[in-house]
Amino acid sequence: MLDNLRVLFIASEAAPYAKTGGLGDVAGALPAYLNQAGVKVKTVIPLYQSIDRERYSINLLFNSSCVKMGNCEEFYSVYHTNIPNGNDVYFIDFEKYFKRAGIYFDANGDYRDSAYRYSFLCRAAMQLAKDLNFKPDIIHANDWQTSFACYYLKSDNDEFFSNTKSVFTIHNIGYQGIYEPDVLDYAKIRYDDFSSWGFESFGKLNLMKAGICFADKITTVSPHYAQEILGPIGSNGLHMYLEARKNDLIGILNGCDTKVWNPATDKYIPANYDLNSYKTGKAFNKKILQNMFLLQENPNVPIFSFIARLTPQKGIDLLAPVVERVINSMACQIVFLGSGEEWAQWFFGGLPARYPGKIGAYIGYSEDKSHLIEAGSDFFLMPSIYEPCGLNQMYSQLYGTLPIVRATGGLDDTVDNYNEQTSIGTGFKFWDISVDALYNTIGWANATYYDRKDDMHNMIREAMIKDYSWEKACAKYIKLYQELITWK
Ligand code: ADP
C-alpha cells in the first residue's frame, strides 16, 4: 500500500552532501528511512559549490531544464545520485544562486538574495517532478526556504499537482526568512497574498509565516516545541498564525540516524563499543580525545563537551561566564567544537591558551571530531535558550555521554532528569536561563561523577538503550501523509 505513496521532499540542505545543522541531518535521514519503509521519496536540494560530486557519484541527469521566474526564463541542470543510502537525491545546479563560497552566507554576511534563490529552488523542484513524471501525493517542505512550494501548490492550480497536498516542517522558528518584497514578481507571489494571512509582515516578506499559512499540515520536530511555538516567545512572534492552524500542527520527534551515530559501528571513533564494553571503549576514546585537544592525559577526570553553532540560541551567553568558574573550582576538563559569532570564536578559541591541558577547542566544523568528542566525553553541555529538537543530546545518550540540558523543547522531551533517590535518569536538567543554574547543574554532574559511580553506571546504561530510531518517527510521518491523502 505504501508503494503508492509518493513524496517530493524539498530542502535547502541534506546530509551528507551539505549540512549546517539539524535540518541537514533530518533531510538526509528521513527520506531514506521513508524509502526503506516503502514510500517513494525523491529529495531535491541545491547543488552547492561545496558538494563533493565525485565522492557521492553525483551525475548529470538533465542539462537544460527551464523554469519561468517573473519575466525571465532560468536555465539550469539537474544532477542525481542514490549514494550513500539508496535514496534518490536530485541536485539543482544553477551557478547564479548556488555556486558560492557558502550555503546561506559567506565572509561578507548573509546572502541577501536568498528569497530569489529558494523561490527558484522550489519552482525547479516542482518542474523536476513533472520532468520525471513523478506525481507526488505529498510535497514535504522544510523551513522558510521551501515554503514557496506550499504556496505554489495552492496558487498555481496546476493540473499535474491537483492531487498533491503539502506538509511544512518547522525545524527552527527562530529563522523566518525575512526579506524585502522586491522578489514578489520574480517569485510570482500574487499581490493579494502579500498580506497578513500570507507573506507580509511589517512591510517585509516573512517566508516562515507563508509556510504556516499555506501548508496543508504543519509539523515541528518535537512535541514540546509544538507547544512552545503557540506562545509569543517560543514562536518569535508568529503564535497567532500557529494558533489559527493549531489543529493542523503536530510535533514529531526527530530520530537519530543510527547508521551514522552508533558507537558500536561508528567509523570515526578509534574504539567502537556497546553496552557491555562501554567502560573500556570510552576510556580509550577519552585518551585519544585528550591527546587530540592537548589535554592532560588522565582517565579519572570528567570531560564536559560542547558542540554547536556558536549562536545565542545555544546558550553561549550562559556558557561563556560559566567556563572559567567551572575550571577554577572543579576537577574537570572541557572541550569546545563550533563556529559562529565572532566574539564567541575568539572567546572559546582562546581558552586553551589560558587553561592549557584543561580546556581544548576547535573553532570550525568537523564531522570526525564531533564523533570522537561524543565518544570520549563524560558529559555533554546543551544550555540552549530554546531547542526545537536538538540532536546532540540524543547522540550523547546513545554514546553514554550524559547530557546537561536546559529543559526546553526537544531537550525536555528526550532527557530524563537524574533522580538521586531512585538512581534513575539519563542526564541533568535545569530550567532557569541563568549562569548560576548552569554552574550548579555542572557541579551536580561533576559531584555525581566522583561520588556516585554506581548511579553514573546506571544512567549511562539507561541512556545507551534509548530508542531514538527514525523508524518510530517515520511511522508518524506516514500516518500524517495517509491522513492527508484521504482528504482528496
Ligand atoms: P541546530 O540544527 O540548531 O544546529 P541540532 O542539535 O539539531 O542543532 O543539530 C546540530 C547538528 O550539527 C548536529 O549533528 C551537530 O553535531 C552538528 N554540528 C554543529 N556544529 C558542528 C561543528 N562545529 N562540527 C561538527 N558538527 C557540528
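This is a predicted model: local features need pLDDT of at least 70, side-chain atom pairs count only at pLDDT 80 or more; totals for chains, interfaces and linings use all residues.
Residues are numbered from 1 along each chain as its sequence is written, and side-chain values use heavy atoms, with hydrogens and water left out.

Colleague: How many aromatic pairs does the rule count?

Modeller: Rings of Phe, Tyr and Trp (its six-membered ring) pair if their centres lie within 6.5 Å, and planes under 30 degrees apart count as stacked, over 60 as edge-to-face and the rest as tilted. By this rule, the count of aromatic pairs is 38.

Colleague: Why is the pair of Phe94 and Tyr97 classed as it is?

Modeller: A pair of aromatic rings is described by the distance of the centres and the angle of the planes. For Phe94 and Tyr97 the centres are 5.2 Å apart and the planes stand at 80°, so the pair is edge-to-face.

Colleague: Is Tyr449 buried or exposed?

Modeller: Buried means under 20% relative accessible area, exposed over 50%, and partly exposed in between (1.4 Å probe, protein chains only). Tyr449 has a relative accessibility of 10%, and therefore counts as buried.

Colleague: Which residue forms a salt bridge with Lys19?

Modeller: A salt bridge is a side-chain nitrogen of Lys or Arg within 4 Å of a carboxyl oxygen of Asp or Glu. The rule finds one salt bridge across the interface of domain 1 and domain 2. With the closest N and O atoms 3.9 Å apart, the partner of Lys19 in a salt bridge is Glu367.
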